[in-house]
Amino acid sequence: VGVILVQCLLLIFYTSCVFLFIGTCVLGLCISSVFPSMLAFTEDILDYKGCATTVLVTSASTGEMMLQLLVGSVRHV
């Protein structure tokens, strides 16, 4: 719930420098609780081993980096 709420607020208040900074920090806190839960959930459903876990973690960190890039590019527009 927090991820969706903060993401919508970031899209609405993208012109505020202070809110972009605080909103990105709060979004990171919300995502940090979702990621381990989803990883454990998919591990229960799918029977994957070490290599697939590496791909999932690498993809997740790439997505988190892309979010920061997206927020930065919106800020500079």
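At what angle do α2 and helix α3 (residues 50-76) pack, and how far apart are their axes? Select both: the angle is about 165 degrees and the axes are 12 Å apart. Axes here are lines fitted to C-alpha atoms, for helices over the stretch in contact, with angles running from 0 to 180 degrees between N-to-C directions. The pair is therefore roughly antiparallel, a label for angles over 145 degrees. Helices are DSSP runs (H or I, at least four residues), numbered from the N terminus.

Before going further, note that this is a predicted model: local features need pLDDT of at least 70, side-chain atom pairs count only at pLDDT 80 or more, and totals for chains, interfaces and linings use all residues. Residues are numbered from 1 along each chain as its sequence is written, and side-chain values use heavy atoms, leaving out hydrogens and water.

**Stay on α2 and α3.** Now show side chains. C17, L20, T24, L27, I31, F35, L39 and T42 of α2 meet L56, V57, A60, E64, L67, Q68, V71 and R75 of α3, where contact means heavy atoms within 4.5 Å. Colour them by class and you get 11 nonpolar, 3 polar and 2 charged residues. Ala, Val, Leu, Ile, Met, Phe, Trp, Tyr, Cys and Pro count as nonpolar, Asp, Glu, Lys and Arg as charged, and the others, Gly among them, as polar.

Select residues 2-12 for α1 and 17-45 for α2: their axes come within 9 Å and cross at roughly 160 degrees. That makes this pair roughly antiparallel too. On the α1 side, pick G2, V3, V6, Q7, L9 and L10; their partners on α2 include F19, L20, T24 and L27. This contact divides into 11 nonpolar, 4 polar and no charged residues.

**Click on T24.** Leaving aside residues up to four places away in sequence, T24 touches L10, F19, Q68 and V71.

**Then the rings.** Select F13 and F19, an edge-to-face pair with 5.4 Å centre to centre and 70 degrees between the planes. Rings of Phe, Tyr and Trp (its six-membered ring) pair if their centres lie within 6.5 Å, and planes over 60 degrees apart count as edge-to-face. F13 is partly exposed at 41%, and F19 is partly exposed at 23%.

**Last stop: T15.** Find T15 in the loop between α1 and α2; at 60% relative accessibility, T15 is exposed. Draw a C-alpha to C-alpha distance to R75: 7.1 Å, across 60 residues of sequence.

Definitions and conventions: Helices (H or I, at least four residues) and strands (E, at least two) are DSSP runs, numbered from the N terminus. Angles under 35 degrees count as roughly parallel, over 145 as roughly antiparallel, 65 to 115 as roughly perpendicular and the rest as oblique. Rings of Phe, Tyr and Trp (its six-membered ring) pair if their centres lie within 6.5 Å; planes under 30 degrees apart count as stacked, over 60 as edge-to-face and the rest as tilted. Buried means under 20% relative accessible area, exposed over 50%, partly exposed in between (1.4 Å probe, protein chains only).
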